[in-house]
Amino acid sequence: MSTSPTRSRSPLRFLARVLIKFLMREGHYLKQKLLLQYVVNGPEDRLTIGHDADPNDTIFNTMSGRITIGNYTIFGHGCQVLTGTHPTAAFLAARKKHPLEGRDIVIGDGVWVGSGAIILGQVTIASHCVIAAASVVRRDCPEPGIYAGNPAALVRAIALPAEANDASIS
């Protein structure tokens with residue numbers, strides 16, 4: 001009986017599969033630290049993540065500005081927060097140049113960014129917003145609400161409870 005190259009039965013492959021299953025167990029330390037780690041493309045000191053925020057496996061591009069994330073903000077899987085841009089009217093090597101500043105992204109407290117969402121600089125997202133999965137944020141989200149689509153638009157406002165109004169919700 002021949003074994004196809006794609007279905008190798010080597011002991012090393014078996015051990016790797018067992019190790020991955022072990023690491024994926026709920027609450028496992030390495031799952032949180034290794035498998036769900038966010039990535040920063042650009043200067044890391046331009047990224048500020050607030051208290052008890054959960055960036056999961058988001059990609060943060062800080063090449064053209066700063067990214068500030070508020071407290072208790074949650075990101076689904078596969079999100080992208082991108083400050084970078086390139087000149088579309090330029091060609092060849094000139095197109096590789098990008099601005100170094102001015103495309104900052106500010107995400108408020110308690111924001112929920114759904115899986116696969118893309119946030120493009122320069123924008124501000126108000127505290128307590130919900131960005132729907134797979135949405136593309138290209139403009140400010142100035143009030144608490146649910147934003148969806150490409151480009152993301154306000155679908156429904158969110159009424160904040162009285163105790164949220166007492167706290168800082170900038």
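## Contacts and the model

Two residues are in contact when heavy atoms of each lie within 4.5 Å. This term is needed throughout the report, which describes a predicted model.

## Overall composition

The chain contains 3 helices and 14 strands. It has 170 residues, of which 31% count as buried.

Strands of a sheet pair through backbone hydrogen bonds, in either a parallel or an antiparallel arrangement. In this model, an open sheet is formed by 5 strands in the order β5-β8-β11-β13-β14, and its pairing is mixed. The edge strands are β5, at residues 74–75, and β14, at residues 153–157; each of them pairs on one side only.

At one end of this order, β13 (residues 145–148) pairs with β14 in the antiparallel sense, over 4 bridges. Within this part of the sheet, Ala 148 stands opposite Ala 153, a residue of β14.

## The nonpolar core

The largest nonpolar core comprises 24 residues, and Ile 119 and Ile 125 have the most contacts inside it. Two or more residues of this core come from each of the elements β4 (67–69), β7 and β10 (123–125).

Which residues does Ile 125 touch, not counting residues up to four places away in sequence? They are Val 106, Ile 107, Gly 108, Val 111, Ile 119, Ile 131, Val 137 and Cys 141.

## A buried threonine in a loop

Thr 83 belongs to the loop between β6 (80–82) and β7 (105–107). Is this residue buried or exposed? The relative accessible area of Thr 83 is 0%, and a residue counts as buried when this value is under 20%; Thr 83 is therefore buried.

The side chain of Thr 83 reaches two backbone nitrogens: that of Met 63 at 3.4 Å and that of Gly 65, also at 3.4 Å. When neighbours within four places in sequence are left aside, Thr 83 is in contact with Asn 61, Thr 62, Met 63, Ser 64, Gly 65, Arg 66, Ile 67, Arg 103, Ile 105 and Gly 121.

## The aromatic cluster

A pair of aromatic rings is described by the distance of the centres and the angle of the planes. The structure holds 2 aromatic pairs. One of them is formed by Tyr 38 and Phe 60, which are arranged edge-to-face, with 5.7 Å from centre to centre and 80 degrees between the planes. Tyr 38 lies in the loop between α2 (29–35) and β1 (39–41), whereas Phe 60 lies in strand β3 (residues 59–61), so this pair ties together parts that are 22 residues apart in sequence. Tyr 38 is partly exposed, at a relative accessible area of 32%, while Phe 60 is buried, at 0%.

Phe 60 also pairs with Phe 75: the ring centres are 5.7 Å apart and the planes stand at 85 degrees. Why is this pair described as edge-to-face? Planes over 60 degrees apart count as edge-to-face, and the planes of Phe 60 and Phe 75 are at 85 degrees, so the pair is edge-to-face. The pair links distant parts of the chain, since Phe 60 is in strand β3 and Phe 75 in strand β5, 15 residues apart. Both Phe 60 and Phe 75 are buried. Through these ring pairs, Tyr 38, Phe 60 and Phe 75 are linked into a cluster.

Key. Residues numbered from 1 in each chain as written. Predicted model: local features only at pLDDT ≥ 70, side-chain atom pairs only at ≥ 80, totals over all residues. Heavy atoms only, no water. Buried < 20%, exposed > 50% of the residue type's maximum accessible area, 1.4 Å probe, protein only. Pairing = 2+ DSSP bridges. Polar contact = N/O pair within 3.5 Å; in protein donor to acceptor, adjacent residues only side chain to side chain. Core = buried A, V, L, I, M, F, W, Y, C linked by side-chain atoms within 4.5 Å. Phe/Tyr/Trp six-rings, centres within 6.5 Å; stacked < 30°, edge-to-face > 60°.
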